[in-house]
Amino acid sequence: MANHKSALKRIRQNKTRRLRNRYYGKTMRNAVRNFRNITDKAEAMAKLPEITSMLDRMASKGRIHKNKAANLKSKLTRQANAL
């Protein structure tokens, strides 16, 4: 168990951040899954900027790697264009 006040605070911060990161990660995965199930091109093109923005925010906050965000955006854009 931690012996310093700063260590106790760090434990609390880590728990809060871990839960927040898990929430955002799950939200992102659900959004990507829902986007992949879209079959209408107009709907996909309307949703693409939202997904792109979400992935960019996740990468800028360090929740996912910037290359993962780039790869997902590329794949989703190709899928939307192919509809």
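**Helix packing, entry by entry**

I began with α1 and α3, which pack at an angle of about 20° with their axes 11 Å apart; axes here are lines fitted to C-alpha atoms, for helices over the stretch in contact, and angles run from 0 to 180 degrees between N-to-C directions. That angle makes α1 roughly parallel to α3 (under 35 degrees counts as roughly parallel, over 145 as roughly antiparallel, 65 to 115 as roughly perpendicular and the rest as oblique). On the α1 side I found V32, F35 and R36 making the contact, and on the α3 side L72, L76, Q79 and A80, where contact means heavy atoms within 4.5 Å. By class, the residues of the contact of α1 with α3 are five nonpolar, one polar and one charged (Ala, Val, Leu, Ile, Met, Phe, Trp, Tyr, Cys and Pro count as nonpolar, Asp, Glu, Lys and Arg as charged, and the others, Gly among them, as polar).

I noted the conventions: this is a predicted model, in which local features need pLDDT of at least 70 and side-chain atom pairs count only at pLDDT 80 or more, while totals for chains, interfaces and linings use all residues. Residues are numbered from 1 along each chain as its sequence is written, and side-chain values use heavy atoms, with hydrogens and water left out.

Next I looked at Q79, which lies in helix α3 (residues 66-82); helices are DSSP runs of H or I with at least four residues, strands are runs of E with at least two, and both are numbered from the N terminus. Q79 has 22% relative accessibility and therefore counts as partly exposed (buried is under 20% relative accessible area, exposed over 50%, partly exposed in between, with a 1.4 Å probe and protein chains only). Setting aside neighbours within four places in sequence, I found Q79 in contact with F35, R36 and I38.

Finally, I checked the whole protein, which has three helices and zero strands, and of whose 83 residues 20% count as buried.
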